[in-house]
Amino acid sequence: MAHTTRTQNLAAGTLPSGAGAVPAAASALPAGGLPTTGATGRTGALDSALDRLWGLLTSMKFGLLLILAFAAFGLVGTLLIQMPAGVADDPQARAGWLAEVRPKYGGWTGILDQLQFFTIFQSVWLRAIGALLAASTIACTLHRIPGTWRTMTKPHVNVGPTFFEHAPQHEQMTFHRAPADVLAAAEQVLKRRHYRTVTLDDGTVRIYADRNHWQPWAGIAGHFSIVVILAGAMVGSMWGFRDSQFMLAEGATSAVPTEPGLSIRLNSFKDTYYPDTGAPSDYVSDVVLTRDGQTVAQQQVRVNEPLRYGDVSFYQAFFGPAAVVTVKDAKGATLYSAGVPLAWTSNNGGNKVGTFSLPGQNVAVWVVATTGPDDPSVKPGQVAIELYASDTGNPIVQKSIDQGTPTTIENLTYTFERETKYTGLNVAKDPGTPIVWFGCFLLVVGFMVRLFVPYRRIWGQLASRPDGGSSLSVAAVGRRDSDLDAEFTSLVTDIRQAVTGPARS
Amino acid sequence: MGKLAEYAFVAGTLSTFLALVGYVFYALSGVRAARMAAAGVPMTTGGIGFTSGPRTASIGHYATLLGGLSVFAIAASLVLRTIATGHGPFSNMYEFSIAFAFGILCAYYWFERKYRQRVLGLLALPVALALLAYAATVPASIEPLVPALQNNMLLTVHVATAIVAYGSFTIAFAAALLYLIQPATGRWGLPKPAVLDEIGYRAIVIGFPFLTLTVVLGAVWADTAWGTYWSWDPKETASLVTWLIYGAYLHARVVRGWRGNKAALLLLVGFGATLLTYFGNLFFGGLHSYSGLAGV
Ligand code: HEM
């Protein structure tokens with residue numbers, strides 16, 4: 001409420017110096033030292049609280065601590081085993097997982113879990129620090145814009161005489177030539193070195209020159225890009241979806257979740273191995289994508305070659321055996337006939353198992369493959385069919401059936417046709433990805449330019465001397481740095497030579 | 001071709017070792033010279049024999065030559081190996097360790113040319129040598145690429161940018177360590193702290209953007225191979241942590257109370273994080289520890 005008042009005041013222009021509380025305008029002033037004298041009462045208190053918050057968010061020290069805090073929690077996340085996705089939300093899986101790591105962390109297990117250290121990337125800690133870091137980065141970026149703009153468009157030309165004595169790099173030169181000649185020569189040297197110069201004559205000629213004056217914007221772009229990347233990640237998590245367990249047996253067609261009308265069919269899956277080492281050499285899913293019955297894409301999906309269609313992508317993720325099973329009712333009508341991916345492993349015995357459900361029947365069918373000749377219940381050439389009630393999960397019946405032999409179980413006829421393969425795809429739609437890539441581009445280019453391209457600023461002061469000659473002081477600011485020193489020295493040498501002529505130097 | 005690559009590797013390792021011996025003598029003579037100068041012994045040629053000025057310089061000169069030789073030998077080893085395998089040095093720890101050592105040597109010689117502070121070699125070369133020695137202990141056999149790594153162009157650039165970054169970080173580490181062990185006025189004839197501070201900063205100025213590029217390329221690869229540009233995999237996270245620490249360092253240099261010692265300390269911590277990132281996949285055993293497919 002009070003915030004609205006503040007904005008209205010501003011719009012109406014009734015708050016003379018309270019404008020200092022507005023972020024963009026405040027940035028001209030040193031953070032923390034903002035005048036709030038114009039505002040009184042509750043608004044004033046709020047304003048000063050906001051000012052303090054702004055001062056904190058734009059403080060380099062605070063930003064530094066936030067970055068280090070984020071890094072520290074990230075480090076914990078790399079050193080401590082993290083719960084796999086999906087486990088955290090399932091109390092039973094969670095308890096099982098914790099029991100598994102307990103031998104490793106002993107009595108600390110419960111404490112670490114309470115502190116959310118096993119799910120640190122989803123923890124309140126990292127979220128809070130991340131949010132503060134994002135806020136601080138935004139604040140810093142905004143904070144720097146007006147000053148950067150002013151320095152670029154209206155640089156400070158008159159710096160006062162003491163500057164020329166205290167600047168890290170400074171030099172005084174006297175010449176026998178008139179100030180106008182010296183200025184012309186100096187300007188020419190600066191121009192040749194790609195400096196832009198601004199001069200001001202108030203009896204003494206004041207010179208300002210800079211090179212790559214747009215460079216600070218690259219730093220701002222670099223910081224801004226972090227916000228862009230975070231925004232892209234948020235877009236992805238809000239409007240994207242991911243199915244990393246999308247399985248498809250050879251010959252099967254399946255609708256793509258959340259994409260109405262889109263289906264994908266697996267023509268074949270092939271896994272190949274290097275003959276000498278047995279290491280995998282290739283995983284290829286030959287798939288066809290159809291939209292409303294029309295083929296829209298066909299591709300061999302490999303590990304590094306996803307199929308991209310619009311903003312939906314299909315990645316090769318895993319694969320395994322499948323059993324083609326046909327189910328017919330008493331009248332001989334086919335209820336089901338497809339490859340069943342045997343993507344899970346049974347707890348007792350380690351058999352590969354898969355499941356499907358029958359339309360209109362309260363039954364979930366599990367297909368259990370053999371583990372080999374030693375398997376007591378499922379012989380090679382067989383699969384076991386296990387039926388469970390879909391609603392209660394209670395087992396109904398279990399029976400091993402021979403390949404190619406129709407077998408009746410609970411009024412339906414099941415046939416294990418043959419073995420085949422399934423492919424496991426990771427289906428992802430992430431509308432935030434282009435934003436993230438744009439952010440990454442800005443990040444790399446922004447910081448590369450900011451750190452590789454030198455930004456130089458030089459001030460000069462040129463006065464005439466009683467003897468008709470002139471005296472020129474030049475100074476540069478910047479941390480003491482050998483590159484800056486070298487450039488300054490050679491610039492001074494060049495100006496000397498340009499004024500006095502190379503022959504005499 | 002693979003055999004030749006190994007010969008070049010051995011030659012590079014040997015000359016790195018010899019160069020290191022040279023740098024040790026160079027540094028020792030520097031300490032003695034500093035002590036004698038402090039004791040008022042005149043620093044003339046001849047006279048004090050082994051530690052005199054020109055003699056010191058010439059040991060350093062030989063060390064540099066030997067180091068230059070190892071840069072060439074290791075470059076040759078990497079090129080020959082690339083020809084033999086048909087892909088960049090990214091498929092196992094052997095290849096990547098040699099590449100890392102190469103990055104350190106290149107970074108070191110770039111800085112030696114620019115700043116002429118040979119004492120840095122005393123710290124940078126052992127790191128390179130340790131990596132080469134480590135490479136000698138891991139299997140060097142040429143294995144064909146598993147499917148996840150079949151992205152030659154992207155991964156070669158990814159490794160190239162990583163070694164520029166890691167090489168620079170090693171120099172920053174060396175400079176920071178020398179900075180921290182001496183008082184502001186200098187000691188033992190070591191480079192002046194102000195110079196070391198500048199070298200550390202310059203190294204990060206180069207390394208940070210390259211690490212940024214490395215992480216981004218890693219994300220691009222993850223997006224093509226795994227279908228997600230970021231999954232908080234331990235290796236990814238460790239590289240992000242490293243990136244953040246060096247980002248913090250760049251800020252620390254302009255924050256009052258953080259310049260100097262604390263900033264230098266961040267360089268040591270950052271190098272620790274770099275090593276953790278590098279050796280990470282040996283013990284993280286992450287979600288996809290580069291073995292191929294998660295579900296296979
Ligand atoms: C993850 C977050 C951040 C990263 C990776 C980052 C990175 C960088 C880098 C690489 C630089 C050096 C290039 C340059 O001078 O522009 C820099 C400078 C700077 N950063 Fe950040 N930054 C982050 C957050 C922040 C925050 C939160 C603040 C404000 C509190 C901030 C304020 C500044 C300022 C003022 C400079 C200029 C320093 C100078 O004068 O050299 N940054 N940052």
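**Close-up 1. Pairing of strands S4(A) and S18(A) in the predicted model.** Strand S4 (residues 241–249) of chain A pairs with S18(A) in the antiparallel sense over seven bridges, where strands are DSSP runs (E, at least two residues) numbered from the N terminus, as helices are (H or I, at least four), and two strands pair if DSSP finds at least two bridges between them. Within this pairing, Phe246(A) stands opposite Leu425(A) in S18(A). The model is predicted, so that local features need pLDDT of at least 70 and side-chain atom pairs count only at pLDDT 80 or more, while totals for chains, interfaces and linings use all residues. Residues are numbered from 1 along each chain as its sequence is written, chains are lettered from A and ligands numbered from 1 in the order in which they are written, and side-chain values use heavy atoms, with hydrogens and water left out.

**Close-up 2. Other partners of strand S18(A).** Strand S10 (residues 312–328) of chain A runs antiparallel to S18(A) and is joined to it by 16 bridges, with Ala428(A) in S18(A) as the bridge partner of Ser313(A). Strand S17 (residues 407–409) of chain A is likewise antiparallel to S18(A), through three bridges, and Ile409(A) has Leu412(A) as its bridge partner there. S17(A) and S18(A) form a hairpin with two residues between them, and Glu410(A) in the turn has a positive phi of about 50°. S18 itself (residues 412–429) is mostly covered, since 13 of its 18 residues are buried, that is, under 20% relative accessible area, against over 50% for exposed and values in between for partly exposed (1.4 Å probe, protein chains only).

Close-up 3. The iron atom of the ligand is coordinated at 1.9 Å by His223(A) (NE2) and His251(B) (NE2), donors being N, O and S atoms within 2.8 Å of the metal (3.2 Å for Na, K and Ca). Because His223(A) belongs to helix H10 (residues 215–239) of chain A and His251(B) to helix H7 (residues 234–252) of chain B, the pair joins two chains. The six donor atoms around the iron subtend angles of 83 to 179°, and the arrangement is therefore octahedral, a class in which opposite donors are over 155 degrees apart and all others between 65 and 115. His223(A) counts as buried because its relative accessibility is 15%, and His251(B) counts as buried because its value is 18%.

Methods
Four donors count as tetrahedral if all angles lie between 85 and 135 degrees; four count as square planar and six as octahedral if opposite donors are over 155 degrees apart and all others between 65 and 115; anything else is irregular.
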